Amino acid sequence: MNKKLVMILSFFVSLIIFTGCGNSDERVLNVYNFGDYIDETLLDEFEAEYGVKINYDTYATNEDMYYKIKQGGANYDLIFPSDYMVERMAKEDLLEKIDIKKLENIGNVGSNFLGLSFDPENEYSVPYLWGTLGIIYNTKTVKEPVDSWSVLWDSAYKKEILMYDSLRDTMAVALKKLGYSMNTTDLNELEEAKNLLIEQKPLVRAYVGDNVKDMMIGEEAALAVVYSGEAMFMMENNPNLKYITPKEGTNLWFDTMAIPKESENKEEAMLFIDFLLRAESGKKIVDYIGYSTPNDKTYDLLDSEIKEIPGAYPEESVIKKSEVFIDLGEALKDYNRIWTEIKVH
């Protein structure tokens, strides 16, 4: 009995040692992304090609991701922060510098999507997806051509207009209509935008959030300020809806790929970034999600009807007039005060 017990114990000890060695040699990548923000068949393809096990978690907002990384102990190797969050995390030394020259497929990224204001030297992020802020409208109700933010001040659509219940987005609309920067900190310009939005209030049906999708699909309003990704979803579910980016310019938003400073698997993160920069990988992402691609090679593979959606890929003239949100710093308190005054007026 004693010999048998020794043999059994020896077997289990050997098994534990063998398993432990196997785990230590296994290549791993811990990915943290927005929910439902990738075609997950790409995870399987990457694992099969490179022999890297992906542990995949999701978050709801940039802020959720930021606080988890900031607090430490998360051990993620790849994250997908938006433009302003890249700027913030880089300032706080939470991101690893990336040598984009080591990415074989970085040449697929259009030059318009590199050297942007939130990462001017392309040190901390690699483009993933992008989009615009614009106007979606019901062609049954709105017969006139729509090409300007000014339609949102047209009294013909009184109580048929939906605005975002969002400080930066709604202020951006007014500032762009006035010809100012959406990142301005000039108090006179901010006051002018405030007065314009107060003037608009009697025309507004509601200040909305995610419910804008259901309201426009259900034809409860004629016009709404929305982001391009939401617009694509709405148009798929109601053929009467059309999306445009106004001629005065708009907000361009960018979601990126970045490596946290505390990543333990930086080589694997770089491999996955390069894998997602392939033209075919990008097409799978766009086909699944519907947002715009910064990848020129992916763009070449897209169906012509997708390329021709005005708001999905706006003309260069509109892009040149558009801006990326930046961190406002101390000026945020002025925006908060003005937003409160607009809401309570």
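Modeller: In this predicted model, the second largest cavity holds about 70 Å³ of space. Its lining is made up of Phe113, Leu114, Gly115, Leu116, Phe118, Asp119, Asn122, Ser125, Pro127, Phe254 and Thr256. By class, six of these lining residues are nonpolar, four are polar and one is charged. The largest cavity is lined by 13 residues, of which Tyr128, Leu276, Thr293, Pro294 and Asn295 are the closest to its centre. Strand β4 (126–138) and helix α10 (279–289) each give at least two residues to that lining. Ten residues of the lining of the largest cavity are nonpolar, three are polar and none is charged.

As for charged pairs, the whole structure has 19 salt bridges. In one of them, Glu123 meets Lys97 at 3.2 Å, N to O. Both residues lie in the loop between α4 and β4, 26 residues apart. Glu123 is partly exposed at 26% relative accessible area, while Lys97 counts as exposed at 51%. Another salt bridge joins Glu92 to Lys70 at 3.0 Å, N to O. Glu92 lies in the loop between α4 (83–91) and β4 and Lys70 in helix α3 (62–71), so this pair ties together parts 22 residues apart in sequence. Asp93 pairs with Lys261, with 3.3 Å between the closest N and O atoms. That pair links the loop between α4 and β4 to the loop between β9 (252–257) and α9 (266–276), 168 residues apart.

Notes: Residues are numbered from 1 along each chain as its sequence is written. This is a predicted model: local features need pLDDT of at least 70, side-chain atom pairs count only at pLDDT 80 or more; totals for chains, interfaces and linings use all residues. Side-chain values use heavy atoms; hydrogens and water are left out. On a 1 Å grid over the protein atoms alone, a cavity is a set of points where a 1.4 Å probe fits but cannot get out, and a pocket is an open set with protein on both sides within 12 Å along at least five of seven lines; lining residues have an atom within 4 Å of a point. Helices (H or I, at least four residues) and strands (E, at least two) are DSSP runs, numbered from the N terminus. Ala, Val, Leu, Ile, Met, Phe, Trp, Tyr, Cys and Pro count as nonpolar, Asp, Glu, Lys and Arg as charged, and the others, Gly among them, as polar. Grid points are joined across faces, edges and corners, and a volume is the space filled by probe spheres set on the points. A salt bridge is a side-chain nitrogen of Lys or Arg within 4 Å of a carboxyl oxygen of Asp or Glu. Buried means under 20% relative accessible area, exposed over 50%, partly exposed in between (1.4 Å probe, protein chains only).
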